[in-house]
Structures are given as structure tokens and as C-alpha cells.
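This briefing is meant for a reader who is meeting the structure for the first time. It begins with the surroundings of the ligand and then turns to other topics.

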Amino acid sequence: MSSNQTNLNLSNFWMPFTANRQFKAAPRLFKSAKGMHYTTTDDRAVLDATAGLWCVNAGHGRSEITEAVRQQLETMDYAPTFQMGHPLAFEAATKVADFMPAGLDRIFFTNSGSESVDTALKMALAYHRARGEGQRTRFIGRERGYHGVGFGGISVGGILPNRKAFSGNLMPHVDHLPHTHNLVEAAFTRGQPTWGAHLADELERLVALHDASTIAAVIVEPLAGSTGVLVPPKGYLESLRELCTKHGILLIFDEVITAFGRLGAPTASEYFNVVPDIITMAKAINNAAIPMGAVAASRVVHDTVVNAGAENAIEFFHGYTYTAHPAAAASAVATLDIYKRDRLFEHAKELSGVFEDAAHELRGSPHVKDIRNLGLVAGIELESRPGAVGARAYDVFLKCFEAGVLVRYTGDILAFSPPLIVDERQIDQIFSTVRDALREVA
Ligand SMILES: Cc1ncc(COP(=O)(O)O)c(C=O)c1O
């Protein structure tokens, strides 16, 4: 710990998704950030290979966003959006809609990805009820899916540690598709694996088991990030779309990490050319400047719910005190303008080949058993130490941090998702640092 940290009391902050005791014994603290870099409290520059938590897509410290937030807070700090409004909320919704696939242009604002997921699940239930099919209450998620930490999200999600302690109280009426990850069939695939489209047919099995008339929605991440970069097999999402349509089931894409340029397109939906009924988003919507999320619903979903309400009555009993908070809305408008003006999604697309090559050059490095990638996302899976899943990746993460590069790891999978402003030199720095770290760890 550096001298300016010695007096910091670390005991009160109960840290999220962190080994609290391990961290507090040797804390890693950032004090500032600009562009592609963080600065630690002991004044070291650290290259951000993860865009924070997959969220700072325009790079850190964008003055346009800071200025928009400052101006907004000085003009009007807060206004409710329950039975009141403010122009920026509507402007932000119009801007977000502009980035969504055609027809998914009814935007509900939340404060996080987890809230977006809960909102989407509620929309699906409200939609079916409004059309006289209120018995459609079942949700189908997927193994290894991550949909945040609300009770809805952990129930449709498929990550054991996130569910285990709470398993007695998960949401009822949930089933799961199998995940699509298979190292025998698809290790070291560049881009989308050709194996695995048939796994979407498992939805037919669940329909045969539960009957379509009980199923409200299927929710999947088009590309799963947090659980170790799982790229959808070719044809898989297309197949899911077809089956959902055939059975009157809504398809929800959780795009909390993929929306706003991660794959070099505004959404994964656009990238894969598969349009769901509902898209959840957060994170890069406003460059993570202020907590914010959103849900884009199709006009059909929106109109069905809204038109079913009695005249002059609230149609959807849902919302947050901070829905479309003025400062968050201002930061979203400023961020979305930057994405367009700086052509950041095009830049991400142009660099994705270089990024892919750099990641796959680590094939053959010690401990590496798979490398996968799409757009500006890559995952490197390591052999686990016997009886100590995650320990080796943690050591690599630590070595990289000490060498000035921030990477992420889940289990023994390293994940990379730099801000979209990254350049070739920085891509090289990221993967050469990882290569050195892999040589050093046991
Ligand atoms: C796909 C997906 N959904 C939901 C979430 C939850 O978002 P939040 O942490 O903002 O609640 C995440 C966070 O990483 C995510 O990756």
C-alpha cells in the first residue's frame, strides 16, 4: 500500500463480487482515469483492457459527458418521471431508439443491467396478460447465462455460485437451455463456431415438457461475456428466433455488454441480423458515467400493454425513482453523440481483425486451452490448477495489473473488452503483457 493509502479505512465498504479479505489485505485502488488508462493511488498508469466492467466504451474522462452532466445538475438536479416529465428523458429515449433495430423503439429507462432484466421479464408477463394469455408465466434462460443479480436475473441466469445461497427463493417456473460452450468441438475458433446451432432445438424439448402456452419468454445473451466469452454458434440465434416465433414466445436479448458497439455494430442483434422482441441494455449506454440502463421493447409489446390499460389509468405498474434521471439522461445523450461523431463502432469493427490475431497469437502459451473472440471481445481459457479453479487466472490478472494492464477473469477464463478507442499499439501491449504473465505463473 502506498503512503497516501495507509490511513484509509477499508472495513466499512462491503465490496461486491470480491474476495473481501484477500482484497483488503493487499488493495488495488484507482484514483483517476483518462482515455485508455487508469492511474493507481501509487501513481502507476494501468491500461484498461476491460473498459471498466465492459462499460466505458468511449474511453475514460470524456469532457463532453462531464460538461453535459455538470450543466444538467446546475439547471435541474432531479425531476420525477412518474406522472411528470422533463424533455431530456424523451430526447434520450429517441437517441437510444435510433441505435436499436427497426421496430424496437419503445424505451424504458432503469438504473442498471439487473433492473433492465427485471423490467424486461415483467414486460413479457404484462404483454401476455394483456393479450389474454396470462397463463404464460414460465421463463427459459440458459446455463452459464448472466443476467445480473436481481431475483429474476439469478433465476433465469445459469451460474451456480450466484444462485446457490439463494436457491430456496429463486423465481418459480423457470427452466434453462443448455449452454453452447464445447471445447472438443470448437476450441480456438476465430469468430462464431460452426458447431452448436442444434442446441437451440432444446427449446422444442422444453416446449414439449411444459407446453408453449405456459412459456412467456426466452432470455439469452447473444454473446455471453461475464461467464467467459461464449460466442454463439452460427445459426443458433436464428434458430432460437424461429422457434420463439413459432410458439408465440417472446425472445429477449440481454445486451447489457453487447449494446453500443462492442461487436462493431450498435447492437448484437444488428450484428447477427436476428431481431428479438425486447433488448436489455445498460453500461455503455452513457459510458458508465452515471448508473443507467434501459429496455427497448418492440412496438407490438409496448402497444399491447399500453392499449390494454383502462383509459386514464396507469398501464404498466413499474418504474424507478431514478428512471431517466436528468443527469443520467444528459450523459446518455452526450455519449450517444460521441459514438456517432467519432464513428467508434466503425473503428471497433476495423480493429476487430487485429484484435483477433493478437489474441490467437497466444495459442501455445503455457496453460492456454482455448481462445475465442468476436468484435472487440476475447476470452482466453486456462487449464485450472487441480482443486483450485480460478487461482491461476487470478495470478495472471495480478501479474498483468502489476505490469500495467487491467484484465478480467471469471473462473480460469481471462476476458478482454477494451474501450472502443483502443489502438493497435495498445492491443499489442495487452496481449504481450498477458503472454509474459502466462510464462511467469505456475
Ligand atoms: C448480460 C448482463 N446482464 C446483466 C448484467 C447486470 O448489470 P448490472 O451489474 O448493471 O446490474 C450484466 C453485468 O455485467 C451483464 O453482463
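Of the 14 residues around the ligand, those that come nearest are Ser 112, Gly 113, Ser 114, Gly 148 and Val 256, where a residue counts as near if its C-beta atom, placed from the backbone, lies within 6 Å. This is a predicted model, in which local features need pLDDT of at least 70 and side-chain atom pairs count only at pLDDT 80 or more, while totals for chains, interfaces and linings use all residues. Residues are numbered from 1 along each chain as its sequence is written.

**Ligand shell**
- Helix H5 (residues 113-130) gives the most to this shell, with three residues; helices are DSSP runs of H or I with at least four residues, strands are E runs of at least two, and both are numbered from the N terminus.

**Domains**
- The protein chain is divided into domain 1 (3-58 + 343-440) and domain 2 (66-341), with bounds that come from an automatic or database domain assignment.
- To their contact, domain 1 brings 32 residues and domain 2 brings 29 residues, two residues being in contact if their C-beta atoms, placed from the backbone, lie within 7 Å.

**Helix H15**
- The buried residues of H15 are Arg 392, Ala 393, Val 396, Phe 397 and Cys 400, buried meaning that 20 or more other C-beta atoms, placed from the backbone, lie within 10 Å of the residue's own.
- Seen down the axis of H15, these buried residues fall within an arc of 140°, so they line one face of the helix; the arc is that of the directions from the helix axis to the C-beta atoms.
- Just after H15, Gly 404 takes a positive phi of about 95°.

Methods. Buried ≥ 20, exposed ≤ 12 C-beta atoms within 10 Å, placed from the backbone.
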